[in-house]
Amino acid sequence: MSGTAPVLEVEGLTKSYGGVHAVRGVSFSVAQGEIVALIGPNGAGKTTCFNMLNGQIPPDAGRVRLLGEDTTDCPPRVVWRRGVGRTFQITATFSTMTVRENIQVALASHASRTFNLWRSMPDFARRDADALLGLVDMAGYADRPCGELAYGDLKRLELAVALANNPRLLLMDEPTAGMAPKERVALMRLVARIARERTIGVLFTEHDMDVVFEHAERVLVLNRGQLIAEGTPASVRRDPQVRAIYLGEGLLYEGGQHEGANG
Ligand SMILES: Nc1ncnc2c1ncn2[C@@H]1O[C@H](COP(=O)(O)OP(=O)(O)OP(=O)(O)O)[C@@H](O)[C@H]1O
Ligand SMILES: [Mg+2]
């Protein structure tokens with residue numbers, strides 16, 4: 001089943017909070033190794049979608065399938081075990097631990113081993129951790145405490161941690177938030193390179209349209225909880241409904257002239 005099945009299939013995903021329809025009947029899929037952007041204005045329902053894909057919140061209705069297997073009501077731990085990486089955990093880890101140790105923790109939990117992390121970290125975790133650090137161009141940072149890292153480096157570390165799970169799908173909710181424009185482009189180039197090398201599907205949200213249009217093979221547009229457009233970056237950019245939403249916010253640009261995004 002996992003051979004040719006899309007890495008992610010979503011059908012009729014729905015979630016309300018009181019009277020607010022955060023997500024309404026959203027359906028889409030992500031092919032194996034495909035890089036897809038989920039865009040939309042503030043409050044469109046992007047994060048709510050991610051939280052349902054990841055098992056963090058249960059949908060009111062709809063199904064989620066990973067590589068053909070239903071994960072709709074699975075908790076985050078199970079979804080993660082099925083090969084879904086998510087980038088956001090680093091800020092929650094120990095800033096006194098070194099860069100390598102952070103990766104080792106992630107590798108250890110992937111391998112379901114329990115041991116004293118500070119005294120008896122096995123060699124396999126050290127080798128694999130260093131390989132992952134090399135992958136995100138951070139080989140020279142292994143022994144530094146995380147608390148000393150610049151924000152952009154922390155983001156790359158976060159990516160390495162997500163990769164420790166050997167994911168088939170990466171869910172990235174605004175992975176470049178808070179970064180300078182140059183850093184954003186560099187981080188997403190790194191993500192795209194690794195995703196292609198390892199056939200990892202990527203679903204990401206991003207407010208910077210430069211980043212979206214450079215990297216997404218396909219773009220999904222959410223507005224007020226509903227999917228209003230879907231297609232190649234070029235076709236989405238031409239879509240009148242999308243233009244109406246984005247032009248008002250100054251987010252869309254034409255002919256390479258960037259109008260700026262929030263952040
Ligand atoms: N826990 C919650 N309780 C009540 N309302 C919520 C909750 N989470 C989200 N919402 C509402 O659901 C809608 C969608 O929010 P969501 O955070 O998913 O949007 P978003 O597209 O991620 O926005 P942003 O671009 O600002 O991150 C918003 O109207 C939001 O206020
Ligand atoms: Mg959000």
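Predicted model: local features only at pLDDT ≥ 70, side-chain atom pairs only at ≥ 80, totals over all residues.

**Entry 1: around the ligand.** I began with ligand 1 and listed the residues around it: Tyr-17, Val-20, Ala-22, Gly-40, Asn-42, Gly-43, Ala-44, Gly-45, Lys-46, Thr-47 and Thr-48. Strand 2 (20–30) and helix 1 are the elements that give two or more residues to this shell. Helix 1 has the largest share, with three residues.

**Entry 2: helix 1.** Is this helix mostly buried or exposed? I found that seven of the eight residues of helix 1 (residues 46–53) are buried, so the rest of the structure largely encloses it. The buried ones are Lys-46, Thr-48, Cys-49, Phe-50, Asn-51, Met-52 and Leu-53. Lys-46 and Thr-48 were also on my list around ligand 1. Just after the helix, I noted that Gly-55 takes a positive phi of about 90°.

**Entry 3: the nonpolar core.** Next I looked up the largest nonpolar core, which has 70 residues. Which members touch the most others? They are Val-36, Ile-103, Ala-160, Leu-169, Val-202, Leu-203 and Val-221. Helix 5 (residues 151–163) gives the most to this core, six residues. Domain 1 (1–83 + 167–263) and domain 2 (89–166) both contribute residues, so the core lies between them.

Entry 4: I picked Ile-103 to follow up. Leaving out residues up to four places away in sequence, Ile-103 touches Ala-129, Leu-132, Leu-133, Ala-160, Val-161 and Ala-164.

Terms used
Residues numbered from 1 in each chain as written. Chains lettered and ligands numbered in written order. Core = buried A, V, L, I, M, F, W, Y, C linked by C-beta atoms within 7 Å. Buried ≥ 20, exposed ≤ 12 C-beta atoms within 10 Å, placed from the backbone. Helix = DSSP H or I, 4+ residues; strand = E, 2+ residues; numbered from the N terminus. Domains from an automatic or database assignment. Contact = placed C-beta atoms within 7 Å. Near = placed C-beta within 6 Å.
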